[in-house]
Amino acid sequence: MTTTAITSIGSLVTNDPALGEGPLGLVQDAAVVIEGDRIAWVGPTANAPATDTAYDADGRAVIPGFVDSHSHLVFAGDRTQEFNARMSGRSYSAGGIRTTVAATRAASDAELEANLVRHLHEARRQGTTTFETKSGYGLTVEDEARALRIAAAHTEEVTYLGAHIVSPDYAEDPAGYVDLVTGEMLAACAPYARWVDVFCEKGAFDGDQARAVLTAGAAAGLIPRVHANQLGHGPGVQLAVELEAASADHCTHLTDADVDALGQAAATTVATLLPGAEFSTRAQWPDARRLLAAGATVALSTDCNPGSSYTSSMPFCIALAVRDMGMTPDEALWSATAGGAKALRRTDIGVLTPGARADLALLDAPSHVHLAYRPGVPLVSAVWQRGVQVH
């Protein structure tokens, strides 16, 4: 099996305190050895073992590949006009999703897959090596199943989100739509998915409806995650904690009880923050510092979608989290890598330790701090995914 050493790394983020300094496990003047698709060795460049090939990092920083644990990439069309109107004063509501539903239903499988692949390549160039993505723009049995089938060809982290909004076809019968989502649609979608999600929000699904969706999904073998407390206070966070969901995503509007619950459930339910949504909707920023002070596990993700967060850039989200959400550069990077891995209940990604998957990014900078220090600058100069240089 071929081995490759990346040497003369100015600052290596391992996310393993046992390997280096602080929570990020920083190693200076470091080397990483890749064997096949795994990390085989980590340590000082001077101690690196002989390998078949070598790559000179020339003093630049290396970080784990970003883990984007929340995105919506199987869609067609865009919502430029909606964004333009919102930036001109109109507020965001969940109803705009219907525009994307109409375009997605009209698109062919090939069109949907091409759009997905385009966004994946875009994200990979910016250092993302693992992504989760959801259905939710079909809202019929056939369209939800095909979205998940297309997604499953490109990632193992696929989420069934038939409960994104009530389908326009069931506008007068939301209970009937919940029955569909928990019955025939679930049966058709579960074979392609690992996760089940629900948009628990005014204008989408209330607490009782969300509970029905999540418990039905769990009974079908899917693990819950929840769109929770994005647009206002609601039951989403408490429901996520009660059902031991892997993540409560958005977490913008939280009571003290919500924050305490996420702190106490830090080992099971991750608070995933999606600053691209607040940026794109001019909404209140999530208070990451409040969550971290309570002991919650925090992840950062893009929420890439055509309506409320049309960005695939994890570095951009890191910069927003540091500037507007109270996170330090170290905390933001950890949340965008190891935090995302915890939100996906993975131990083989988000870290650069022996045995982990060889997913990493080389920055055209001496330190990971530059991701927040130089916002908007394309700092990712090379990416390895499963041990193969892909950018």
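Helices, taken as runs of at least four residues in the DSSP assignment, are numbered from the N terminus. This numbering is used below for a predicted model.

**Domains**

The chain is divided into domain 1 (3-65 + 350-389) and domain 2 (66-344), as set by an automatic or database assignment. Taken over C-alpha atoms, the centres of domain 1 and domain 2 are separated by 29 Å. Across the boundary, 21 residues of domain 1 are in contact with 20 residues of domain 2.

**Helix H3**

Helix H3 covers residues 109-125, which makes 17 residues. From its first C-alpha to its last, H3 reaches 25 Å, close to the 24 Å expected at 1.5 Å a residue. The buried residues in H3 are Leu-112, Asn-115, Leu-116, His-119, Leu-120, Ala-123 and Arg-124. An α-helix has 3.6 residues a turn, so residues three or four places apart point the same way. The cover over the buried residues of H3 includes helix H2 (97-106) and helix H4 (141-152), together with strand S7 (128-131) and strand S17 (380-385). After H3 comes Gly-127, with a positive phi near 100°.

**Pockets and cavities**

Rolling a probe the size of a water molecule over the atoms shows where empty space is left. The structure holds 3 cavities of 30 Å³ or more.

| Space | Volume | Division of the lining |
|---|---|---|
| Largest pocket | about 250 Å³ | 8 nonpolar, 3 polar, 2 charged |
| Second largest pocket | about 150 Å³ | 3 nonpolar, 6 polar, 4 charged |
| Second largest cavity | about 50 Å³ | 5 nonpolar, 4 polar, 1 charged |

The largest pocket has a volume of about 250 Å³. It is lined by 13 residues, of which Gln-126, Ser-313, Val-377, Pro-378 and Leu-379 are the closest to its centre. Domain 1 and domain 2 each contribute at least three residues to the lining of the largest pocket.

The second largest pocket holds about 150 Å³ of space. Of its 13 lining residues, the closest to the centre are Thr-129, Thr-130, Phe-131, His-154 and Gln-385. S7 provides the largest share of this lining, 4 residues, and H3 and S7 each supply at least two. Why is the second largest pocket said to lie between the domains? The second largest pocket lies between domain 1 and domain 2 because both give residues to its lining.

The second largest cavity has a volume of about 50 Å³. Its lining consists of Asp-68, Ser-71, Leu-73, His-119, Leu-120, Ala-123, Phe-131, Thr-302, Cys-304 and Ser-312. H3 gives the largest share of the lining of this cavity, 3 residues. His-119, Leu-120 and Ala-123, which are among the residues lining the second largest cavity, are also among the buried residues of H3. Phe-131 is likewise one of the residues lining the cavity, and Phe-131 is among the residues closest to the centre of the second largest pocket.

**Helix H9**

In helix H9 (residues 256-264), the buried residues are Asp-258, Val-259, Ala-261, Leu-262 and Gly-263. Among the elements covering them are helix H8 (236-242), helix H11 (288-293), strand S13 (247-250) and strand S14 (270-273).

**Single residues**

Ser-335 is part of helix H13, residues 329-343. Its relative accessibility is 1%, so Ser-335 counts as buried, the limit being under 20%. Leaving aside residues up to four places away in sequence, Ser-335 touches Val-298, Ala-299, Leu-300, Met-327 and Gly-340.

Thr-353 sits in the loop between H13 and strand S16 (360-363). Is Thr-353 buried or exposed? Thr-353 is buried, because its relative accessible area is 14% and the limit is under 20%. With residues up to four places away in sequence not counted, Thr-353 touches Thr-14, Asp-16, Leu-19 and Ile-39.

Asp-179 belongs to helix H5, residues 174-182. Asp-179 has a relative accessible area of 53% and is therefore exposed, the limit being over 50%. Asp-179 and Phe-205 are 26 residues apart along the chain, and 13 Å separate their C-alpha atoms.

Definitions and conventions. Residues are numbered from 1 along each chain as its sequence is written. This is a predicted model: local features need pLDDT of at least 70, side-chain atom pairs count only at pLDDT 80 or more; totals for chains, interfaces and linings use all residues. Side-chain values use heavy atoms; hydrogens and water are left out. Buried means under 20% relative accessible area, exposed over 50%, partly exposed in between (1.4 Å probe, protein chains only). Contact means heavy atoms within 4.5 Å. The expected span of a helix is 1.5 Å times one less than its number of residues. On a 1 Å grid over the protein atoms alone, a cavity is a set of points where a 1.4 Å probe fits but cannot get out, and a pocket is an open set with protein on both sides within 12 Å along at least five of seven lines; lining residues have an atom within 4 Å of a point. Grid points are joined across faces, edges and corners, and a volume is the space filled by probe spheres set on the points. Ala, Val, Leu, Ile, Met, Phe, Trp, Tyr, Cys and Pro count as nonpolar, Asp, Glu, Lys and Arg as charged, and the others, Gly among them, as polar.
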